[in-house]
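Student: I have a model open and want to learn how to read its features. Can we go through them in turn?

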Amino acid sequence: MSAKSKGKSRVTIFPDWCKGCGICAAFCPAKVMELNDQGKAVVVREEECINCGFCELHCPDFAIMVQPKVDSEIPAGSKSGQVNASPTGSVESEKSIKEKG
């Protein structure tokens, strides 16, 4: 996972899957989501998302998806479009991973 910085993630909620438990809205450290008048989670401050992944991992209905925004996370010199982060925080491009075998 990349460094936690604001505005580099896209948060998608599938309203048909959301049962409105509120876990995502209650525990989001950046208060990105709220429950609407129908009791469903909605994204209200996507620019505040720090890509911690809590909401996606803890949603019991698998109704939330957090993805890095396209192009904003791709480091210079790696234009293959696919970037993988290691547990140590280093970033490898898809091409370098294939070359290693």
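Student: Where does Phe 62 lie?

Tutor: Start with the elements: helices (H or I, at least four residues) and strands (E, at least two) are DSSP runs, numbered from the N terminus. Phe 62 lies in the loop between helix H2 (54-58) and strand S4 (64-68). Remember that this is a predicted model: local features need pLDDT of at least 70, side-chain atom pairs count only at pLDDT 80 or more, and totals for chains, interfaces and linings use all residues. Residues are numbered from 1 along each chain as its sequence is written, and side-chain values use heavy atoms, leaving out hydrogens and water.

Student: Is Phe 62 buried or exposed?

Tutor: Buried means under 20% relative accessible area, exposed over 50%, and partly exposed in between (1.4 Å probe, protein chains only). Phe 62 has a relative accessible area of 65%, so it is exposed. Its phi is near 55 degrees, a positive value in a residue other than glycine.

Student: Which other non-glycine residue has a positive phi of about 55 degrees?

Tutor: Lys 31 does. It sits in the loop between helix H1 (23-27) and strand S2 (33-35). With a relative accessible area of 42%, Lys 31 is partly exposed.

Student: Which residues form a nonpolar patch on the surface?

Tutor: Like charges are joined within 9 Å, nonpolar side chains (Val, Leu, Ile, Met, Phe, Trp, Tyr) within 5 Å. Here Phe 14, Trp 17 and Phe 62 form the patch, with about 360 Å² of accessible area together. Areas come from the Shrake-Rupley method with a 1.4 Å probe; for residues, only the protein chains shown count as cover. Trp 17 belongs to the loop between S1 and H1. At 47% relative accessibility, Trp 17 is partly exposed.

Student: What about the inside?

Tutor: In soluble globular proteins, nonpolar side chains tend to be buried together. A nonpolar core is a set of buried Ala, Val, Leu, Ile, Met, Phe, Trp, Tyr and Cys residues joined through side-chain atoms within 4.5 Å. The largest one here has 15 residues; Val 11, Cys 24, Val 32, Met 33, Cys 55, Ile 64 and Val 66 touch the most other members. Strand S1 (9-13) and S4 each supply at least two residues of this core.

Student: Which residues does Ile 64 contact, leaving aside neighbours within four places in sequence?

Tutor: Contact means heavy atoms within 4.5 Å. The partners of Ile 64 are Val 11, Thr 12, Ile 13, Cys 24, Met 33, Cys 55, Glu 56 and Cys 59.

Student: How do I read the side chains along S1?

Tutor: In a regular strand the side chains alternate between the two faces of the sheet. In S1, Ser 9, Val 11 and Ile 13 point to one face and are buried.

Student: In what sense do S1 and S4 pair?

Tutor: Two strands pair if DSSP finds at least two bridges between them. S1 and S4 pair in the antiparallel sense, over five bridges. Arg 10 has Gln 67 of S4 as its bridge partner.

Student: How many helices and strands does the protein chain have?

Tutor: Three helices and six strands. From the N terminus, the order is β-α-β-β-α-β-β-β-α. Of the 101 residues, 24% are buried.

Terms used
Patch = residues over 30% accessible without salt bridge, like charges linked within 9 Å, V, L, I, M, F, W, Y side chains within 5 Å. Salt bridge = Lys/Arg side-chain N within 4 Å of Asp/Glu carboxyl O.
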